[in-house]
Amino acid sequence: MLDASPTQTALLEVNNIEVLYNHVILALKGVSLDVPKGGITALLGGNGAGKSTTLKAISNLIHSERGEVTKGSIIYDGKNVVGLDPADLVTNGVVQVMEGRHCFEHLTVEENLLTGAYTRRDGRAAIAEELELVYQYFPRLKERRKSQAGYTSGGEQQMTAIGRALMSRPKMILLDEPSMGLAPQLVEQIFEIVARLNSEQGVTFLLAEQNTNVALRYAHTGFIMENGRIVMEGSAKDLRENPDVKEFYLGMSDKGRKSFRDVRSYRRRKRWLA
Amino acid sequence: MPDTLLFAMEATLNGLTAGVMYALVALGFVLIFKASGIFNFAQGVMALFAALTLVGFQSGQIPFSHLINAIFGTRLHHFGWNMPTLLAIPATVAVMILLAILVERFILKHLINQEPIILFMATIGLAYFLEGVGDIMWGAEVKALDVGLPKGMSDTVDELTFNWFGYGFFIDRLEIWAAGIAAILVASLTIFSQYTKQGRALRAVADDHQAALSVGISLRFIWVLTWSIAGIVALVAGIMWGSKSGVQFSLSLIALKALPVLILGGFTSIPGAIVGGLIIGVGEKLFDFFMQPIVGGATENWFAYMLALVFLLFRPQGLFGEKIIERV
């Protein structure tokens, strides 16, 4: 669909990071990627590949899960943001939508959205404007605004989670597995809104997805992860047409190979003096 | 009207006011449990500590004077002036906020993402620590606390009920005041949590720590906030109980009375704490009233725990415990 990435400058650069959980479990083994400003970048891979950990390393939510970045750097907007408080990152324009939506169940949909504006200091009027904008993109949320989020459907919760992130007026959203547990039609709908937010509001997206097919149709560029490493990168178009990606992730082959581990030639790692 | 009914009514009224006192203590537990999932064992000691500090400020006592005297051989005791109550209360509030900051800084921060049982153990430690600090700071003797609240039998209630029923009810004026203050406290807490940004953030944290972090809510600030509020509630409870029965170590044991209230009302519900307190208060008095002729009294000491046991068997989440939302 949208194949050319809008700009060439990277808003976010992840350089050869390693992540340790509990001081012992090495979850990322040198991940490097860059996210162009104004684009949609997909981070693909199977379960346990390290997609979520990469996103949480960027937003520094790993800290509260006893994880830490032990090596490498994460440069956002020209500054190293490793170890920065999640709240500071939100203030600077990076917000994460977590896997499994994580709505505040006992708060209403509207209250959920308003918590998204927690870090903003520009007054009620500006926040009310943002709320209207979110309702414009997600008219369904406006209908359900007085319902407790815990009682809304999975799709509505995903919309609430994305809308909540939008309320902080972010430059960049880290979107973790938006398709999880949703019907194909809804997935399509969510991705369409993501694409619109990207083109109309200029929000940069880095999204982790298992649904390679959908993700590569909406993204501009993509990275494929396996076992805590990036094994391949390229424009969405190239990845879509790559025979190995087709084989491993799009299920379009009858050969027995199941992962990039079987194709050593794609091993790729930026070597930084880390 | 038959006398028994009148006596039972009086017992009920007394139970209601006593229940408010229990509810005040339970409230502090609920606030912290809701926001951080910690059962704060130190809540009772916090009430004692707050009351001690208030008395200390009021009487112009020099904090740690015993310690200073022991080390330097001085004979310090008092500043030589008395702080007016209206000044001493805000000063005590400031101390409780400082305590909240220290608790966050030295305990909670280091136990982030630990099991609830570990946090619970930490609060046990805090309880003993605070008890000791309170003693060293202000001395261990029994102190009278007087913040100017009226005490003794309420003549108004006595007269009113005498005119209506021909029998005057005995209600402690202090407990009527306690009820009023508790009502104001609950109302302001509700308004705070429902209609303010920080209150919303507090409820968000109670629902989902991770998500709260992801939208940029600082957990550390929220913890300081809840512990401060719990400290202020402890102060109110400390004032009420301290005015009633003096400020001494046994004040911290009121926490034990809060336990059945929590089991009844649910650990996560502010209205639950109030209703639970009232039920326990009334139940205790009525049970005692009706059982006295049979077992000879002294049921007040165990009735609450027995009721809690029954609740644990049949409705473990309490009357108002937060419903676990599960979609199918």
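What share of the contacts in chain A with a separation of 6 or more is accounted for by residues 24 or more positions apart? In this predicted model, such residues account for 73% of those contacts, two residues being in contact if their C-beta atoms, placed from the backbone, lie within 7 Å. Local features need pLDDT of at least 70, side-chain atom pairs count only at pLDDT 80 or more, and totals for chains, interfaces and linings use all residues. Residues are numbered from 1 along each chain as its sequence is written, while chains are lettered from A and ligands numbered from 1 in the order in which they are written.

**View 1. The open sheet of chain A.** Chain A has 10 helices and 10 strands, which are DSSP runs numbered from the N terminus (helices H or I, at least four residues; strands E, at least two). Six of its strands form an open sheet of mixed pairing in the order 6-7-8-3-9-10, where two strands pair if DSSP finds at least two bridges between them. At the edges lie strand 6 (94-97) and strand 10 (229-235), each pairing on one side only.

**View 2. Strands 3 and 9 of chain A.** Strand 3 (residues 40-44) and strand 9 (residues 221-226) pair in the parallel sense over 4 bridges, and the bridge partner of A:A42 in strand 9 is A:G222. Helix 7 (residues 184-201) of chain A packs on the sheet, touching strand 3, strand 7 (172-176) and strand 8 (204-209).

**View 3. The contact between chains A and B.** In this view, 19 residues of chain B are in contact with 27 residues of chain A. Helix 8 (197-207) and helix 9 (209-214) of chain B each supply at least two residues of the side that touches chain A, and the largest share, 6 residues, comes from helix 8 of chain B.

**View 4. The buried residues of helix 8 of chain B.** Among the buried residues of this helix are B:R200, B:L202 and B:D207, a residue being buried if 20 or more other C-beta atoms lie within 10 Å of its own, with C-beta atoms placed from the backbone. What covers the buried residues of helix 8 of chain B includes helix 3 (109-115) of chain A, together with helix 1 (3-36), helix 7 (173-195), helix 9 and helix 10 (219-245) of chain B.

**View 5. The surroundings of B:A51.** Leaving aside its neighbours within four places in sequence, B:A51 is in contact with B:L145, B:G238, B:I239, B:G242, B:V247 and B:L251.

Methods. Axes are lines fitted to C-alpha atoms, for helices over the stretch in contact, and angles run from 0 to 180 degrees between N-to-C directions. A residue is buried if 20 or more other C-beta atoms lie within 10 Å of its own, exposed if 12 or fewer, and partly exposed in between; C-beta atoms are placed from the backbone.
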